[in-house]
Amino acid sequence: MDKSVLQKATLDNDEPCAAWMFKAIANMTKTSPKSCEDIVQWLVTRLNSTKSPTVKKKCLNIIRSVATHGDPEFARQIIRQSEEIKKNASTYTRFDYVLLCLLCVSHFLFFLAPKFVYSFLCAGFKIFSKSNF
């Protein structure tokens, strides 16, 4: 297991984890079942030992990505550690909630609002055209 890739992927900075790191960690899980166990243990320890929401988010993103693209044994090990992961997955900061609200509002404004306005205008046009003015 190459801990340097795991350490780089979970640094406490605002830079996102590079895609090649996700692939490298997923490939590390395919070497042996022991490496899967070591990587899971390292990620769960990192998740529990830090108070930084950035590091927690990065660890959870790595777990999600590697469970999908890595060895199936990794996913089994994650299931065994699910209680520890659930504890940390529910810790979001106020800033994350603000970002989530902004994403929801922007999604509504750019994707749903034009359809809503269009259907509203069409309905209004139908009502107006049927009136006896």
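This is a predicted model: local features need pLDDT of at least 70, side-chain atom pairs count only at pLDDT 80 or more; totals for chains, interfaces and linings use all residues.
Q: How are the axes of helix α4 and α5 oriented: roughly parallel, roughly antiparallel, roughly perpendicular or oblique?
A: The axes of α4 (residues 53-69) and α5 come within 7 Å and cross at roughly 135°. Angles over 145 degrees would count as roughly antiparallel, and 65 to 115 as roughly perpendicular. The angle between these two helices therefore makes α4, relative to α5, oblique.

Q: Which residues of α5 meet α4, and of what class are the residues in the contact?
A: From α4, the residues I63, V66 and A67 take part, and they meet F74, A75 and I78 in α5. By class, the contact of α4 with α5 contains no polar and no charged residues, but six nonpolar.

Q: Is I63 buried or exposed?
A: I63 is found in helix α4. Leaving aside neighbours within four places in sequence, I63 is in contact with L43, L47, F74, I78 and I85. Its relative accessible area is 6%, and buried means under 20%, so I63 is buried.

Q: How far apart in space are I63 and I78, C-alpha to C-alpha?
A: I63 lies in α4 and meets α5, where I78 is located. The two residues are 15 residues apart in sequence, and their C-alpha to C-alpha separation in space is 7.9 Å.

Q: Which residue's side chain is joined to that of E73 by a polar contact of 2.8 Å?
A: E73 is placed in helix α5 (residues 72-80) and is buried, with a relative accessible area of 17%. Leaving aside neighbours within four places in sequence, E73 is in contact with P33, C36 and R80. The polar contact of 2.8 Å joins the side chain of E73 to that of R76.

Notes. Residues are numbered from 1 along each chain as its sequence is written. Side-chain values use heavy atoms; hydrogens and water are left out. Helices (H or I, at least four residues) and strands (E, at least two) are DSSP runs, numbered from the N terminus. Buried means under 20% relative accessible area, exposed over 50%, partly exposed in between (1.4 Å probe, protein chains only). A polar contact is a pair of N or O atoms within 3.5 Å; within protein, one must be able to donate a hydrogen and the other to accept it, and residues adjacent in sequence count only if both atoms are side-chain atoms. Contact means heavy atoms within 4.5 Å. Axes are lines fitted to C-alpha atoms, for helices over the stretch in contact, and angles run from 0 to 180 degrees between N-to-C directions. Angles under 35 degrees count as roughly parallel, over 145 as roughly antiparallel, 65 to 115 as roughly perpendicular and the rest as oblique. Ala, Val, Leu, Ile, Met, Phe, Trp, Tyr, Cys and Pro count as nonpolar, Asp, Glu, Lys and Arg as charged, and the others, Gly among them, as polar.
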